[in-house]
Amino acid sequence: MLELQQITKKFGERTILDHVDLTIEDGKILCIVGQSGGGKTTLLRCISGLEQIDSGKILVNGKEFDPYVNSNNEAVIGVVFQEYNLFPHLTVLENVMLAPQMVLKKDKETATREANELLKKLALGDKGNLYPWQLSGGQKQRVAIARALAMKPQILCYDEPTSALDPGLRDTVKEIILDLKKEKMTQIIVTHDIEFAKEIADDILKVKPLSN
Amino acid sequence: MDYILEIMPSLFSGMGVTLSIFFWTLVGSLPLGLIVALGMISPFKILQKILGIYVWLMRGTPLLLQLIFVFYGLPLLGTGIVLPRYEAALVAFILNYTAYFAEIFRGGLQSIDKGQYESAKVLRLNYWQTIRKIIAPQVMKIVIPSIGNEVINLVKDSSLVYVIGLGDLLRAGNVATSRDVTLVPLILVSLMYLLMTAFFTYVLKKIEQHYSYWK
Ligand SMILES: Nc1ncnc2c1ncn2[C@@H]1O[C@H](COP(=O)(O)OP(=O)(O)OP(=O)(O)O)[C@@H](O)[C@H]1O
Ligand SMILES: [Mg+2]
(Lines give C-alpha, C1' and ligand atoms only; values in the text may rest on other atoms or scores of the structure.)
(Ligands and ions follow the chains in the order given, each with its own letter.)
Protein backbone atom coordinates (compact mmCIF):
# COMPACT_ATOMS: atom_id res chain seq x y z
CA MET A 1 0.00 0.00 0.00
CA LEU A 2 1.20 3.45 -0.91
CA GLU A 3 0.13 6.46 1.11
CA LEU A 4 0.88 10.10 0.51
CA GLN A 5 0.20 12.38 3.43
CA GLN A 6 0.02 16.14 3.03
CA ILE A 7 2.46 16.29 0.14
CA THR A 8 3.49 19.79 -0.82
CA LYS A 9 5.71 20.63 -3.74
CA LYS A 10 6.84 24.08 -4.80
CA PHE A 11 8.93 25.30 -7.68
CA GLY A 12 10.48 28.46 -6.31
CA GLU A 13 7.60 30.42 -4.86
CA ARG A 14 4.97 28.61 -6.88
CA THR A 15 3.09 25.87 -5.10
CA ILE A 16 2.24 23.07 -7.51
CA LEU A 17 0.99 20.45 -5.06
CA ASP A 18 -0.69 21.69 -1.93
CA HIS A 19 -1.13 19.16 0.87
CA VAL A 20 -2.11 16.26 -1.34
CA ASP A 21 -3.41 13.12 0.39
CA LEU A 22 -3.63 9.85 -1.45
CA THR A 23 -3.91 6.16 -0.69
CA ILE A 24 -3.53 3.29 -3.13
CA GLU A 25 -4.27 -0.27 -2.11
CA ASP A 26 -2.09 -3.06 -3.41
CA GLY A 27 -3.05 -4.30 -6.82
CA LYS A 28 -5.26 -1.33 -7.63
CA ILE A 29 -5.10 1.12 -10.49
CA LEU A 30 -5.16 4.80 -9.73
CA CYS A 31 -5.57 7.28 -12.53
CA ILE A 32 -4.52 10.87 -12.08
CA VAL A 33 -6.41 13.15 -14.43
CA GLY A 34 -6.87 16.86 -14.80
CA GLN A 35 -6.08 19.74 -17.03
CA SER A 36 -2.68 20.66 -18.34
CA GLY A 37 -0.44 22.29 -15.77
CA GLY A 38 -2.34 20.75 -12.89
CA GLY A 39 0.72 19.02 -11.52
CA LYS A 40 0.04 15.43 -12.60
CA THR A 41 3.54 14.85 -13.88
CA THR A 42 4.97 16.63 -10.87
CA LEU A 43 3.06 14.34 -8.52
CA LEU A 44 4.33 11.30 -10.37
CA ARG A 45 7.88 12.64 -10.27
CA CYS A 46 7.60 13.15 -6.51
CA ILE A 47 6.37 9.59 -6.02
CA SER A 48 9.15 8.19 -8.19
CA GLY A 49 11.86 10.24 -6.53
CA LEU A 50 12.73 12.52 -9.41
CA GLU A 51 11.61 15.60 -7.49
CA GLN A 52 12.13 16.27 -3.82
CA ILE A 53 8.95 17.04 -1.88
CA ASP A 54 8.94 20.14 0.29
CA SER A 55 6.81 18.65 3.02
CA GLY A 56 4.63 15.67 3.75
CA LYS A 57 5.21 11.97 4.01
CA ILE A 58 5.29 9.03 1.67
CA LEU A 59 4.62 5.63 3.22
CA VAL A 60 4.97 2.22 1.64
CA ASN A 61 3.23 -0.54 3.59
CA GLY A 62 3.01 1.80 6.54
CA LYS A 63 6.72 2.53 6.60
CA GLU A 64 8.04 5.96 5.78
CA PHE A 65 9.96 6.00 2.54
CA ASP A 66 11.86 8.72 0.75
CA PRO A 67 12.01 7.88 -2.93
CA TYR A 68 14.33 10.84 -3.56
CA VAL A 69 17.20 9.23 -1.68
CA ASN A 70 16.12 5.64 -2.13
CA SER A 71 19.39 3.89 -1.50
CA ASN A 72 18.12 0.76 0.20
CA ASN A 73 17.97 -2.04 -2.27
CA GLU A 74 14.26 -2.55 -2.28
CA ALA A 75 12.69 -2.11 -5.64
CA VAL A 76 9.64 -0.04 -4.89
CA ILE A 77 8.66 2.19 -7.76
CA GLY A 78 9.06 1.72 -11.48
CA VAL A 79 8.40 4.39 -14.08
CA VAL A 80 7.32 4.32 -17.71
CA PHE A 81 8.13 7.76 -19.05
CA GLN A 82 6.03 9.59 -21.56
CA GLU A 83 9.01 9.74 -23.91
CA TYR A 84 10.02 6.21 -22.87
CA ASN A 85 13.66 7.29 -22.44
CA LEU A 86 15.09 4.02 -23.65
CA PHE A 87 18.86 3.77 -23.83
CA PRO A 88 19.54 4.26 -27.54
CA HIS A 89 22.93 2.56 -27.58
CA LEU A 90 21.66 -0.69 -26.06
CA THR A 91 19.57 -3.40 -27.67
CA VAL A 92 16.08 -4.08 -26.40
CA LEU A 93 17.38 -7.02 -24.40
CA GLU A 94 20.26 -5.00 -22.97
CA ASN A 95 17.88 -2.19 -22.04
CA VAL A 96 15.89 -4.64 -19.94
CA MET A 97 18.86 -6.50 -18.46
CA LEU A 98 21.09 -3.62 -17.52
CA ALA A 99 19.61 -2.60 -14.18
CA PRO A 100 18.99 -6.14 -12.90
CA GLN A 101 22.64 -6.90 -13.60
CA MET A 102 24.14 -3.67 -12.32
CA VAL A 103 21.83 -2.98 -9.39
CA LEU A 104 20.38 -6.32 -8.33
CA LYS A 105 23.68 -8.05 -9.17
CA LYS A 106 22.01 -10.82 -11.11
CA ASP A 107 24.31 -12.98 -13.15
CA LYS A 108 24.11 -12.72 -16.89
CA GLU A 109 22.20 -15.93 -17.51
CA THR A 110 19.50 -15.18 -14.97
CA ALA A 111 19.13 -11.62 -16.20
CA THR A 112 18.94 -12.75 -19.82
CA ARG A 113 16.38 -15.43 -19.08
CA GLU A 114 14.17 -13.11 -17.05
CA ALA A 115 14.45 -10.33 -19.62
CA ASN A 116 13.49 -12.71 -22.42
CA GLU A 117 10.47 -13.91 -20.44
CA LEU A 118 9.32 -10.33 -19.95
CA LEU A 119 9.83 -9.51 -23.62
CA LYS A 120 7.86 -12.56 -24.67
CA LYS A 121 5.04 -11.59 -22.35
CA LEU A 122 4.91 -8.15 -23.93
CA ALA A 123 4.91 -9.52 -27.48
CA LEU A 124 8.49 -8.43 -28.05
CA GLY A 125 9.96 -11.92 -28.11
CA ASP A 126 11.59 -11.44 -31.50
CA LYS A 127 12.78 -7.88 -30.89
CA GLY A 128 15.49 -8.53 -28.31
CA ASN A 129 18.38 -7.81 -30.63
CA LEU A 130 17.00 -4.65 -32.20
CA TYR A 131 17.92 -1.14 -31.15
CA PRO A 132 15.32 1.37 -29.98
CA TRP A 133 15.56 3.37 -33.23
CA GLN A 134 14.35 0.29 -35.08
CA LEU A 135 11.08 0.08 -33.09
CA SER A 136 7.66 1.67 -33.45
CA GLY A 137 6.29 3.91 -30.71
CA GLY A 138 4.12 1.18 -29.25
CA GLN A 139 7.03 -1.27 -29.20
CA LYS A 140 9.25 1.27 -27.49
CA GLN A 141 6.63 1.76 -24.85
CA ARG A 142 6.44 -1.96 -24.20
CA VAL A 143 10.22 -2.11 -23.89
CA ALA A 144 9.97 0.68 -21.34
CA ILE A 145 7.38 -1.35 -19.44
CA ALA A 146 9.56 -4.47 -19.60
CA ARG A 147 12.57 -2.51 -18.40
CA ALA A 148 10.64 -1.18 -15.41
CA LEU A 149 9.16 -4.61 -14.59
CA ALA A 150 12.57 -6.25 -14.68
CA MET A 151 13.37 -4.46 -11.44
CA LYS A 152 10.33 -6.11 -9.83
CA PRO A 153 8.75 -2.92 -8.54
CA GLN A 154 5.82 -2.94 -6.14
CA ILE A 155 4.28 0.04 -7.90
CA LEU A 156 4.45 0.96 -11.56
CA CYS A 157 3.87 4.55 -12.69
CA TYR A 158 3.03 5.70 -16.22
CA ASP A 159 3.01 9.25 -17.53
CA GLU A 160 0.53 9.71 -20.39
CA PRO A 161 0.80 6.14 -21.69
CA THR A 162 -1.72 6.74 -24.48
CA SER A 163 -0.80 10.20 -25.64
CA ALA A 164 1.65 9.14 -28.33
CA LEU A 165 -0.21 6.06 -29.52
CA ASP A 166 -2.79 5.59 -32.23
CA PRO A 167 -6.22 4.29 -31.12
CA GLY A 168 -5.55 0.62 -31.83
CA LEU A 169 -2.51 0.60 -29.62
CA ARG A 170 -4.44 2.31 -26.87
CA ASP A 171 -6.28 -0.97 -26.31
CA THR A 172 -3.02 -2.90 -26.26
CA VAL A 173 -1.73 -0.75 -23.41
CA LYS A 174 -5.03 -1.14 -21.67
CA GLU A 175 -4.71 -4.92 -21.85
CA ILE A 176 -1.15 -4.82 -20.59
CA ILE A 177 -2.20 -2.69 -17.65
CA LEU A 178 -5.13 -4.96 -16.84
CA ASP A 179 -2.97 -8.07 -17.16
CA LEU A 180 -0.49 -6.58 -14.71
CA LYS A 181 -3.37 -5.86 -12.41
CA LYS A 182 -4.24 -9.56 -12.41
CA GLU A 183 -0.70 -10.16 -11.22
CA LYS A 184 -1.41 -7.78 -8.32
CA MET A 185 0.76 -4.97 -9.62
CA THR A 186 -0.15 -1.60 -8.13
CA GLN A 187 -0.29 0.99 -10.91
CA ILE A 188 -0.52 4.75 -11.07
CA ILE A 189 -1.42 6.25 -14.42
CA VAL A 190 -1.32 9.90 -15.35
CA THR A 191 -3.53 10.65 -18.32
CA HIS A 192 -5.42 13.34 -20.17
CA ASP A 193 -7.74 10.72 -21.52
CA ILE A 194 -10.76 10.61 -19.21
CA GLU A 195 -12.35 7.77 -21.16
CA PHE A 196 -9.22 5.68 -20.80
CA ALA A 197 -9.12 6.44 -17.10
CA LYS A 198 -12.74 5.41 -16.63
CA GLU A 199 -12.10 2.14 -18.43
CA ILE A 200 -9.24 0.99 -16.27
CA ALA A 201 -9.21 2.87 -12.97
CA ASP A 202 -10.23 1.67 -9.55
CA ASP A 203 -9.77 5.21 -8.32
CA ILE A 204 -9.48 8.54 -10.04
CA LEU A 205 -7.68 11.53 -8.62
CA LYS A 206 -8.43 14.89 -10.18
CA VAL A 207 -5.84 17.60 -9.94
CA LYS A 208 -6.24 21.19 -11.02
CA PRO A 209 -3.86 24.09 -11.25
CA LEU A 210 -3.57 26.13 -8.08
CA SER A 211 -4.18 29.80 -8.47
CA ASN A 212 -0.90 31.37 -7.49
CA MET B 1 68.87 6.60 -52.51
CA ASP B 2 71.93 5.91 -50.40
CA TYR B 3 71.46 9.29 -48.85
CA ILE B 4 67.87 8.51 -47.90
CA LEU B 5 68.88 5.23 -46.29
CA GLU B 6 71.60 7.06 -44.47
CA ILE B 7 69.34 9.62 -42.84
CA MET B 8 66.34 7.33 -42.25
CA PRO B 9 67.53 6.04 -38.88
CA SER B 10 67.72 9.53 -37.43
CA LEU B 11 64.33 10.43 -38.91
CA PHE B 12 62.82 7.28 -37.44
CA SER B 13 64.23 8.01 -34.04
CA GLY B 14 62.75 11.52 -34.35
CA MET B 15 59.42 9.97 -35.29
CA GLY B 16 59.69 7.78 -32.20
CA VAL B 17 59.87 10.88 -30.02
CA THR B 18 56.97 12.47 -31.89
CA LEU B 19 54.82 9.37 -31.50
CA SER B 20 55.64 8.94 -27.85
CA ILE B 21 54.67 12.56 -27.12
CA PHE B 22 51.53 11.96 -29.15
CA PHE B 23 50.66 8.73 -27.41
CA TRP B 24 51.28 9.77 -23.82
CA THR B 25 49.50 13.08 -24.33
CA LEU B 26 46.38 11.20 -25.40
CA VAL B 27 46.69 8.67 -22.59
CA GLY B 28 46.86 11.52 -20.10
CA SER B 29 44.52 14.10 -21.53
CA LEU B 30 41.57 12.01 -22.69
CA PRO B 31 40.61 10.66 -19.25
CA LEU B 32 41.59 13.93 -17.57
CA GLY B 33 39.49 15.83 -20.08
CA LEU B 34 36.49 13.69 -19.22
CA ILE B 35 37.02 14.20 -15.50
CA VAL B 36 37.41 17.96 -15.92
CA ALA B 37 34.24 18.00 -18.01
CA LEU B 38 32.34 16.14 -15.28
CA GLY B 39 33.60 18.76 -12.85
CA MET B 40 32.47 21.56 -15.14
CA ILE B 41 28.91 20.28 -15.18
CA SER B 42 28.88 19.29 -11.49
CA PRO B 43 26.75 21.37 -9.13
CA PHE B 44 29.83 22.73 -7.31
CA LYS B 45 30.06 26.38 -8.26
CA ILE B 46 33.64 26.92 -7.03
CA LEU B 47 34.89 23.89 -8.90
CA GLN B 48 33.12 25.10 -12.03
CA LYS B 49 34.82 28.49 -11.71
CA ILE B 50 38.29 27.09 -11.20
CA LEU B 51 37.96 24.66 -14.10
CA GLY B 52 36.51 27.42 -16.24
CA ILE B 53 39.55 29.60 -15.62
CA TYR B 54 41.89 26.71 -16.34
CA VAL B 55 40.22 25.96 -19.65
CA TRP B 56 40.16 29.63 -20.55
CA LEU B 57 43.91 30.00 -19.88
CA MET B 58 44.83 26.88 -21.80
CA ARG B 59 42.70 27.69 -24.81
CA GLY B 60 43.40 31.40 -24.74
CA THR B 61 47.20 31.27 -24.91
CA PRO B 62 49.45 29.58 -27.48
CA LEU B 63 50.60 26.07 -26.77
CA LEU B 64 54.09 27.19 -27.72
CA LEU B 65 54.02 29.72 -24.91
CA GLN B 66 52.80 27.11 -22.44
CA LEU B 67 55.60 24.81 -23.49
CA ILE B 68 58.23 27.49 -22.97
CA PHE B 69 56.62 28.43 -19.69
CA VAL B 70 56.71 24.91 -18.28
CA PHE B 71 60.29 24.30 -19.37
CA TYR B 72 61.98 27.67 -18.86
CA GLY B 73 59.46 29.51 -16.74
CA LEU B 74 58.77 27.14 -13.86
CA PRO B 75 62.42 27.03 -12.67
CA LEU B 76 62.56 30.85 -12.82
CA LEU B 77 59.50 31.14 -10.58
CA GLY B 78 61.55 29.72 -7.77
CA THR B 79 59.18 26.82 -7.46
CA GLY B 80 62.07 24.44 -7.40
CA ILE B 81 60.37 22.52 -10.20
CA VAL B 82 62.86 21.75 -12.92
CA LEU B 83 61.51 19.32 -15.45
CA PRO B 84 63.66 17.54 -18.01
CA ARG B 85 62.76 18.40 -21.61
CA TYR B 86 60.66 15.37 -22.35
CA GLU B 87 58.66 15.54 -19.11
CA ALA B 88 58.16 19.29 -19.52
CA ALA B 89 56.81 18.73 -23.01
CA LEU B 90 54.40 16.06 -21.77
CA VAL B 91 53.17 18.22 -18.89
CA ALA B 92 52.50 21.15 -21.21
CA PHE B 93 50.81 19.02 -23.85
CA ILE B 94 48.64 17.14 -21.38
CA LEU B 95 47.57 20.37 -19.64
CA ASN B 96 46.73 21.96 -22.96
CA TYR B 97 44.95 19.03 -24.56
CA THR B 98 43.02 18.23 -21.39
CA ALA B 99 41.43 21.67 -21.69
CA TYR B 100 40.41 21.14 -25.31
CA PHE B 101 39.09 17.67 -24.63
CA ALA B 102 37.23 18.91 -21.55
CA GLU B 103 35.38 21.48 -23.67
CA ILE B 104 34.48 18.82 -26.21
CA PHE B 105 33.32 16.37 -23.54
CA ARG B 106 31.34 19.07 -21.76
CA GLY B 107 29.45 19.85 -24.95
CA GLY B 108 28.83 16.15 -25.45
CA LEU B 109 27.66 15.61 -21.89
CA GLN B 110 25.29 18.56 -22.06
CA SER B 111 23.70 17.29 -25.22
CA ILE B 112 22.54 14.09 -23.52
CA ASP B 113 18.83 14.23 -22.80
CA LYS B 114 18.05 14.51 -19.10
CA GLY B 115 15.55 11.68 -19.55
CA GLN B 116 18.55 9.36 -19.78
CA TYR B 117 19.69 10.35 -16.30
CA GLU B 118 16.13 10.06 -15.01
CA SER B 119 15.69 6.58 -16.44
CA ALA B 120 18.95 5.57 -14.84
CA LYS B 121 17.89 7.07 -11.54
CA VAL B 122 14.53 5.30 -11.35
CA LEU B 123 16.30 2.06 -12.26
CA ARG B 124 18.53 2.90 -9.27
CA LEU B 125 21.83 2.89 -11.09
CA ASN B 126 24.36 4.88 -9.10
CA TYR B 127 26.34 7.86 -10.44
CA TRP B 128 29.31 5.92 -11.83
CA GLN B 129 27.16 3.16 -13.28
CA THR B 130 25.11 5.82 -15.01
CA ILE B 131 28.17 7.56 -16.40
CA ARG B 132 29.88 4.36 -17.46
CA LYS B 133 26.98 2.42 -18.94
CA ILE B 134 24.57 5.10 -20.13
CA ILE B 135 26.24 8.46 -20.56
CA ALA B 136 29.79 7.71 -21.67
CA PRO B 137 28.91 5.55 -24.69
CA GLN B 138 26.46 8.16 -25.94
CA VAL B 139 28.89 11.01 -25.36
CA MET B 140 31.59 9.06 -27.19
CA LYS B 141 29.51 8.84 -30.32
CA ILE B 142 28.85 12.57 -30.22
CA VAL B 143 32.40 13.70 -29.51
CA ILE B 144 34.45 11.37 -31.70
CA PRO B 145 34.51 13.64 -34.77
CA SER B 146 35.73 16.61 -32.70
CA ILE B 147 38.18 14.47 -30.76
CA GLY B 148 39.44 13.23 -34.11
CA ASN B 149 40.23 16.76 -35.25
CA GLU B 150 42.23 17.37 -32.10
CA VAL B 151 44.08 14.09 -32.47
CA ILE B 152 45.21 15.08 -35.96
CA ASN B 153 46.19 18.50 -34.64
CA LEU B 154 48.22 16.82 -31.94
CA VAL B 155 50.32 14.93 -34.47
CA LYS B 156 51.32 18.27 -35.96
CA ASP B 157 51.43 20.24 -32.70
CA SER B 158 53.93 17.75 -31.33
CA SER B 159 56.51 19.42 -33.58
CA LEU B 160 56.43 22.41 -31.21
CA VAL B 161 58.65 20.47 -28.79
CA TYR B 162 61.40 21.52 -31.19
CA VAL B 163 61.58 24.82 -29.33
CA ILE B 164 62.72 23.28 -26.06
CA GLY B 165 65.31 21.21 -27.83
CA LEU B 166 63.66 17.80 -28.01
CA GLY B 167 64.79 15.62 -30.89
CA ASP B 168 61.47 14.98 -32.60
CA LEU B 169 60.81 14.22 -36.24
CA LEU B 170 60.86 17.83 -37.41
CA ARG B 171 64.12 18.50 -35.63
CA ALA B 172 65.70 15.40 -37.13
CA GLY B 173 64.74 16.58 -40.61
CA ASN B 174 65.87 20.10 -40.01
CA VAL B 175 69.24 19.05 -38.66
CA ALA B 176 69.88 16.90 -41.71
CA THR B 177 68.76 19.63 -44.08
CA SER B 178 71.07 22.29 -42.71
CA ARG B 179 73.98 19.89 -42.39
CA ASP B 180 73.74 18.43 -45.89
CA VAL B 181 72.22 21.42 -47.65
CA THR B 182 69.42 19.48 -49.30
CA LEU B 183 65.63 19.51 -49.17
CA VAL B 184 65.35 15.74 -49.22
CA PRO B 185 65.10 15.29 -45.44
CA LEU B 186 62.33 17.86 -45.17
CA ILE B 187 60.40 16.20 -47.95
CA LEU B 188 60.77 12.86 -46.19
CA VAL B 189 59.62 14.44 -42.97
CA SER B 190 56.54 15.83 -44.70
CA LEU B 191 55.75 12.40 -46.07
CA MET B 192 56.09 10.86 -42.65
CA TYR B 193 53.71 13.41 -41.12
CA LEU B 194 51.25 12.76 -43.92
CA LEU B 195 51.54 9.06 -43.31
CA MET B 196 50.87 9.48 -39.61
CA THR B 197 47.88 11.76 -40.05
CA ALA B 198 46.47 9.49 -42.76
CA PHE B 199 46.85 6.51 -40.46
CA PHE B 200 45.13 8.19 -37.50
CA THR B 201 42.39 9.54 -39.74
CA TYR B 202 41.75 5.98 -40.85
CA VAL B 203 41.71 4.66 -37.28
CA LEU B 204 39.29 7.39 -36.25
CA LYS B 205 37.00 6.61 -39.16
CA LYS B 206 36.94 3.00 -38.01
CA ILE B 207 36.05 4.06 -34.46
CA GLU B 208 33.31 6.30 -35.82
CA GLN B 209 31.92 3.37 -37.78
CA HIS B 210 32.00 1.24 -34.66
CA TYR B 211 29.50 3.63 -33.10
CA SER B 212 27.22 3.77 -36.11
CA TYR B 213 25.08 0.76 -35.19
CA TRP B 214 22.66 3.01 -33.30
CA LYS B 215 21.21 6.43 -33.88
N1 LIG C 1 11.12 21.83 -13.07
C2 LIG C 1 10.15 22.78 -12.99
N3 LIG C 1 10.47 24.03 -12.61
C4 LIG C 1 9.51 24.96 -12.51
N5 LIG C 1 8.22 24.77 -12.76
C6 LIG C 1 7.83 23.55 -13.14
C7 LIG C 1 8.79 22.48 -13.28
N8 LIG C 1 8.13 21.38 -13.68
C9 LIG C 1 6.83 21.74 -13.78
N10 LIG C 1 6.65 23.03 -13.45
C11 LIG C 1 5.36 23.74 -13.42
O12 LIG C 1 4.49 23.01 -12.61
C13 LIG C 1 3.18 23.02 -13.14
C14 LIG C 1 2.65 21.63 -13.21
O15 LIG C 1 3.38 20.94 -14.21
P16 LIG C 1 3.11 19.42 -14.56
O17 LIG C 1 4.04 19.06 -15.65
O18 LIG C 1 3.16 18.62 -13.32
O19 LIG C 1 1.64 19.47 -15.10
P20 LIG C 1 0.78 18.34 -15.79
O21 LIG C 1 -0.47 18.24 -15.00
O22 LIG C 1 1.59 17.11 -15.94
O23 LIG C 1 0.49 18.98 -17.19
P24 LIG C 1 0.33 18.26 -18.61
O25 LIG C 1 -1.03 17.68 -18.60
O26 LIG C 1 0.46 19.38 -19.59
O27 LIG C 1 1.41 17.24 -18.73
C28 LIG C 1 3.26 23.73 -14.48
O29 LIG C 1 2.74 25.03 -14.31
C30 LIG C 1 4.72 23.77 -14.79
O31 LIG C 1 5.03 24.96 -15.46
MG1 LIG D 1 2.39 16.01 -17.62
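How many residue pairs are in polar contact between chain A and chain B, counting pairs with both at pLDDT 80 or more? I started my notebook with that one, and I kept in mind that this is a predicted model. The count came to ten residue pairs.

**Entry: the charged link.** Next I looked for salt bridges between chain A and chain B, and the count is one. I found Arg45(A) paired with Glu118(B), with their closest N and O atoms 2.7 Å apart.

**Entry: what chain A brings.** I then asked which elements of chain A give two or more residues to the side that touches chain B, and they are strand E6 (77-80) and helix H2 (92-102). H2(A) supplies the largest share, three residues. Sorting that side by class, I noted 19 nonpolar, seven polar and four charged residues.

**Entry: the extent of the interface.** I see 30 residues of chain A in contact with 20 residues of chain B. About 2200 Å² is buried between the two chains, and carbon and sulfur atoms give 61% of that area. On the chain A side, His89(A), Met102(A) and Trp133(A) lose the most area to chain B, together 29% of what that side buries.

**Entry: the cores.** I turned to the largest nonpolar core, which has 57 residues; Leu11(B), Phe93(B), Leu125(B) and Leu169(B) touch the most other members. Helix H2 of chain A gives two or more residues to this core, as do several helices of chain B, including H1 (2-40) and H6 (127-157). H6(B) gives the largest share, ten residues.

Definitions and conventions. Residues are numbered from 1 along each chain as its sequence is written. Chains are lettered from A and ligands numbered from 1 in the order in which they are written. This is a predicted model: local features need pLDDT of at least 70, side-chain atom pairs count only at pLDDT 80 or more; totals for chains, interfaces and linings use all residues. Side-chain values use heavy atoms; hydrogens and water are left out. Contact means heavy atoms within 4.5 Å. Buried area is the accessible area (1.4 Å probe) that two parts lose on being put together, summed over both. A salt bridge is a side-chain nitrogen of Lys or Arg within 4 Å of a carboxyl oxygen of Asp or Glu. A polar contact is a pair of N or O atoms within 3.5 Å; within protein, one must be able to donate a hydrogen and the other to accept it, and residues adjacent in sequence count only if both atoms are side-chain atoms. Helices (H or I, at least four residues) and strands (E, at least two) are DSSP runs, numbered from the N terminus. Ala, Val, Leu, Ile, Met, Phe, Trp, Tyr, Cys and Pro count as nonpolar, Asp, Glu, Lys and Arg as charged, and the others, Gly among them, as polar. A nonpolar core is a set of buried Ala, Val, Leu, Ile, Met, Phe, Trp, Tyr and Cys residues joined through side-chain atoms within 4.5 Å. Buried means under 20% relative accessible area, exposed over 50%, partly exposed in between (1.4 Å probe, protein chains only).
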